[in-house]
Amino acid sequence: MSTVEIDGPKPRKPVRLRPGVVIVALQWLVLLVLPAVVPGTYGIALMAAAAAGVVLLLWWLFLSRVPWLDRLGAVVLMVAAVIVTKRIVHPSISNAGMGMLIFIYSIPLMSLALVASAAATRRFAARPRRASMAAAIALACAALALVRTGGISGEGGLDVHWRWTPTPEDRLLAETPALPSTLAPAPRPVAAAEVPAAPASAPSAETGAKPAATGVASTGPAAEEKAAEVKWPGFRGPGRDGVVRGARIGTDWAASPPVELWRRQVGPGWSSFAVSGDVFYTQEQRGDDEVVTCYSLATGQPVWSHRDAARFWESNGGAGPRGTPAVSNGRVYTLGATGILNALDAATGAVAWSRNAATDTGAKSPGWGFAASPLVIDDVVVVAASGRLAAYDAATGAPRWYGPEGGAGYSSPHLVTIDGVRQILLLRGSRTTSVSPADGALLWEHTGDPTVSILQPALTADGDVLVATGASMGGGGIHRLAVDREPGGWTVAERWASRGLKPYFNDFVVHEGHAFGFDGSILSCIDLADGERKWKGGRYGHGQMLLLPDQDALLVLSEEGELALVGAAADQHKELARFKAIEGKTWNHPVLVGDVVLVRNAEEMAAFRLPRATADGDSASPSSRLPVD
């Protein structure tokens, strides 16, 4: 008797889930745990999570044993879902990371949705299994649509909030009274067609001669008195180098802690302060207006404000101006994030003149906005519009000269003297450029590797130039340039390049033959003789710092809003004191006037009186009263 075998459908092999579960578990473990355990690795964790997503895709397509229709359908559905989601999420999500972060963050969410639905529905029939998978993918996209961010941290981490919660700026506008106004409306910025030509007979850059004054902002004893009142003229102090001379701060903050003088909400922006007499100036955003504000140093109460109908916003840094006011001869000069350049009366806020540096130079707004701070030199005010210098008559606003075209960046003009010649340095992309303050004529230029120019240059004791390079997601290192004036002109040569100190958007300082700054989120010290790292230690996020050379100390404002006093010594990192000052992400430069420190971020600002160091090295308890001395 013979038997007949009847062919039928072979049973489907079970889904091979274990590799997918392991991949997703490792993906989320790296994403959540690595940055918490090892600060400064958030970007690495994101890239690792993305790489895990690629591995998961290979498993899904070739090793999962899922029916081919499900495999291909899931991939198509995930791609379509992300494209649709980008159109409905909050702008802070869709534009984050130049529009790329939504795709990167979608990878772990989609990976989790895919593996979870495959595990939960592996015994389902085809139709409900596919419907459940589609629902899981939609749910992952909905998670992105329900949130917004307050920008990113220096490491690239997102500050996530529910989409419907008010921002600090929303709360500020709802809870605080309107700022006092200026005494006169602002004139409209002058269009490019109305810009007069630069002076035809500019003096020689080599002689250092200055053009004849066409009207100084103020003259006579009154101007001298106002100039004498200036305690902190603008961005990073008198030399734009973050150096505070004559300050000695007590180190025992447990026994003599800093005393809070006042605290108040402030509009978003990454401006620092200029201080003159008993007031200070800063820039902020208030709704649809970009605002220059004058506050009382003693109380923090507003004195006057000037508004321009302009709003700059981008998802990484948020809204508001990036530059810091400059105060000189009774006037305040400001450059807004959209290019508006104002000259205001320091006492009243009345407008002396207003222009648009972007229009004047033809510069396009860079991704993070116009971030440079004005520099006042004699009777001109100099600004950088995305890598191109422009100089204006300080009294009238008439253009004096424009610098070389080309390049881009966020660095501010920097006045230095090299080999007895005053010159303005500007970092603009791959170029380090020096021009004459008299007429903007090019003195010398050094071209290096492509970079994002954010920081200020610095000088060594013997006149070499230190330049920090960087990329869109971090610092690249420090280069030391030897600049010499020869009979045939200027020569520039690179002495060394070091990755022992890699500041990103956090300026560094120079002291006793060494440079101190942020290597990512960790402080670092390098020897200026050869660029070798001496030490690395102390985690302060992507903060800012001041140098107290008389005390061999650094006053650090961390990204988390903590004030710390750190030794500026080459042998080791030593933190002397630490104090929580303000809440929120803090990228703004602090200011120290006497023993009063001003700090701010995009949410609040405050003033503290620090303890002074006594003759025997102890800390004298600070008073809660001004004046500043």
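Author: Strands are DSSP runs of E with at least two residues, and helices are runs of H or I with at least four, both numbered from the N terminus. This is a predicted model, in which local features need pLDDT of at least 70, side-chain atom pairs count only at pLDDT 80 or more, and totals for chains, interfaces and linings use all residues. Residues are numbered from 1 along each chain as its sequence is written, and side-chain values use heavy atoms, with hydrogens and water left out.

Reader: Which backbone oxygen lies 2.9 Å from a polar atom of the side chain of Asn506?

Author: Asn506 sits in the loop that joins strand S26 (489-498) to strand S27 (509-511). Asn506 counts as buried because its relative accessibility is 0%, where buried means under 20%, exposed over 50% and partly exposed in between, with a 1.4 Å probe and protein chains only. Its side chain reaches the backbone oxygen of His542 at 3.2 Å, and the oxygen at 2.9 Å is that of Gly543.

Reader: What is the angle between the planes of Phe280 and Tyr295?

Author: Rings of Phe, Tyr and Trp (its six-membered ring) pair if their centres lie within 6.5 Å, and planes under 30 degrees apart count as stacked, over 60 as edge-to-face and the rest as tilted. Phe280 belongs to strand S6 (residues 279-286) and Tyr295 to strand S7 (residues 289-296), 15 residues apart. The two rings, 5.5 Å centre to centre, form a stacked pair, and the angle between their planes is 20 degrees.

Technical notes. Polar contact = N/O pair within 3.5 Å; in protein donor to acceptor, adjacent residues only side chain to side chain.
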